[in-house]
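The sequence and the structure come first, followed by the description.

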Amino acid sequence: MQHHSNIKDFTVITPSAPMAANTHGGRAKCLQRLVRLEMPVPKTVALPFEAVKGIADGEMPDLRAILAEFPENALLSVRPSSQDPDWGGPGAVLNIGINDARYLQLSEEIGPDASSLMYLRFVQSYAVHVARLDPDEFMQATDYPKAALADALASYFDEMDEDFPQAPAQQLGEVLRSMARAWEGTTARLLRQAKGAPADAGLGLVVQEMTLGVGQGICGSGVIQGVDATSGERRIIGRYLGQSQGRDALDADRAIYLTKDPRGPSLEERHPEIYAQLLAHLDVSRRRLREEMEHEFTVQNGQLFILDGLRVQRSSRASVKVAVDLAKDGVISKEEALLRVPPNMLSELLHRQVSDKATRDVVATGIAASPGAAAGQITFSSNEAQALAAQNEPCILVRRETAPEDIRGMNVAKGVLTERGGMTSHAAVIGRGLGLPCIVGATGITISMRKKTLTTSDGRAFRAGDVITIDGSSGQVLAGEPPLIEAALDGAFQTLLSWADEVRDIGVRANADTPVDAQTARNFAAEGIGLCRTEHMFFVGDRLTVMREMIFADTPEDRRAALDRLLPMQRDDFGQLFEIMAGMPVCIRLFDPPLHEILPNDREGLRDLAEALDLPMSDVTRRVEELSEFNPMLGMRGVRLGITVPEIYEMQAQAIFEATAKAAAKGVTIVPEIMIPLVSAKREVELVKARVDGVAAAVAVRSGQTFDYRLGVMVETPRAALRAGDIAQHAAFLSFGTNDLTQMTYGLSRDDAGRFMSAYVSQHVYDEDPFQFLDLDGVGELLQIGAERGRAAHEGITLAICGEHGASELAIQFCRDRGFDYVSCSPFRVPVARLSAAQIAIRGNKPPMTPAA
């Protein structure tokens, strides 16, 4: 037996023993806290990470020295102690040290049946988890404990060709070795990495004296916690089972309740003094450890022992409720409550989720682009989605990739699944804006639009009408319809965010394109609209046909005539936005996409268009071909379109100002913000500004109303960032569109990046996908240059970002550090951004608030 000489092999857990979660694990540290609180914890020895790693490598600690810390003939348990309990670890092993001689003694003390069950439990656990024997050989029924024990010992001899080990030191050594090696195994490593653990995360082990839970007098075991793990409501939960060990009470039909319960007997009624002690210990651990704890306990001959204390595993909903309740009760401060809830956890509360208890039949996995779960029939076209919605049939829109004409289908679908795309692809951006569960870039699926089938990598074929569920929080596509949990925007959620608003010091607006989006933004307390993409208004109902007529018009007069029909629709759109936002800022981006996006791209669509316009098919086809571009995202779009086809921007400006004048007539002051997209030169801003100023003057004269407005620029080309000093002279604000700015800085299409991004990240070409995580070095430098040069030329200019990065902690920290005024993100990300901004402000060493009473 080798002795591990370089480090301390083990530490007896005492109030003053040197011990930390990052050296001995969370369980060991928590046990020390319980000991400090003078709880009745049996004697426990902790092995640090380094010693356990040594055991896995064959370097054993001094087992005799460990055993010498416990009374002679004591039975022991070994439990894992990882740094974070969520990372898991091998299962506990109980009754180490029992052998034939000790079994005979115990038979005298507690009876043959109880001692046979204890010995049997250890033999079964040892055979399966330590000796790695066939579990089927050790599934003995316990109706006749002595016979079952004899059978298990015989099976062990048959399999191993040797008797069951009798020396306590050998038993303990083999259990420690097997647990240490299990932690180092590939499966365990992958499982904990999936939960956020580093690859080299350590494992500690705790060896504890058993208090048997079986024998004379009142004996048993149980588990207690003071909070509902799903809802976060405070109530006593748990079970107790007489003459039992470990966590038996959670699985046994014979277990009784802890508190009085009409469904059956309870510990409170049978043993009120033990129940009262348990509640007292639970209350002390909540107040002093400042956390909701779960305690594992045993009762030995009427005496209560606390074996373990772990933070209650809880849902996202419960995490928010627990943090708020602890702050309201004065156990923690409001600021600590804010810091305890990971911002992205809020996303789960805003949407339905697949139940934790559901069985998942995973058929494909993709990028989790928009959180929430949705079930419905597969449909492969937006028209079919609309038809199904008309019949109140829920559907999942399945496409190779979505395009702007799919907006109508996305609006009525319950979720979206695409074969291609990344985090900032069309489907992902619109999905997040609509609060629609969405998975993009689903690997291993093949979609045939002709056959209307979705085929998975293992050959399963799904047809239109088959029901699937998409989990936009995990990226999993599931067959069928597992049970779902509804969204939870309860009082605790609202309270937490109200506390966040008290401390954050950067504004949070929403990207909102429709009145529905704007209402969602208001519901989530956005401080205005930071980006309204007006093109999405044109893909609704009859407007698409009118826009197409405008595109086919030959003269400016004909274009204006078509746009005049859109004017009242746009005016109503803006009027509704202004009304919903009730005087808050609304930033409207003028028309941005290339015209070809408004035109159909398949033969059926071209034929429908020819009919609608009463034109020969050949004319329609020719015009579509004329408008097609080699690289439309870098072609005639944004301000370039506004300058070459000025009627579009003039109509939009007129609609904005007429809606503003109408509001002014009702006594409501609106200061609309008009944003010019894709600017790269000062002269572009001058030309558009001159036209917009002219329209504003004309509307003011016609309406008899005076109103103000702000004209600004969306900085999304590298040149606009570099020349921000020139551009800022004519702009009231600069809003950085980080989606396109990232594309153009990298020379990389966000819709195609998914094909190689994982290879780039795994080979450390990029640290992270720059469309998911703001690139601070490259794109960040352009943001900084743009901000500095813009401010130098125009002191007091408003600075913001409005790309999909807007809600990320990284981007908010970056913007706050550089004095930006606000960030803007999709409506369903607003709560996440509000909490992130609060956490950043708290960590930025603001003076602490007084704890809540």
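Ser82 stands opposite Leu203, a residue of β5. Strands β3 (residues 76–82) and β5 (residues 203–209) are joined by seven bridges and run in the antiparallel sense. Strands are DSSP runs of E with at least two residues, helices are runs of H or I with at least four residues, and both are numbered from the N terminus. Two strands count as paired if DSSP finds at least two bridges between them. Strands of a sheet pair through backbone hydrogen bonds, either parallel or antiparallel.

The pair belongs to an open sheet of five strands, in the order β1-β2-β5-β3-β4, with antiparallel pairing. At the edges stand β1 (11–12) and β4 (93–96); each has a single partner strand, so one side of each is left without a neighbour in the sheet. Helix α2 (residues 26–36) packs on this sheet and touches β2 (44–47), β3 and β5, where contact means heavy atoms within 4.5 Å. The direction of α2 makes about 115° with that of β3. Axes are lines fitted to C-alpha atoms, for helices over the stretch in contact, and angles between N-to-C directions run from 0 to 180 degrees.

## The three-stranded sheet

Another open sheet has three strands in the order β17-β18-β19, with antiparallel pairing. Its edges are β17 (446–448) and β19 (461–463), each with a single partner strand, so one side of each has no neighbour in the sheet. From one strand to the next, the twist averages 20°.

Strand β18 (residues 453–455) is joined to β19 by three bridges, and the two run antiparallel. Thr453 stands opposite Arg463 in β19.

## About the model

The model is predicted: local features need pLDDT of at least 70, side-chain atom pairs count only at pLDDT 80 or more, and totals for chains, interfaces and linings use all residues. Residues are numbered from 1 along each chain as its sequence is written, and side-chain values use heavy atoms, with hydrogens and water left out.
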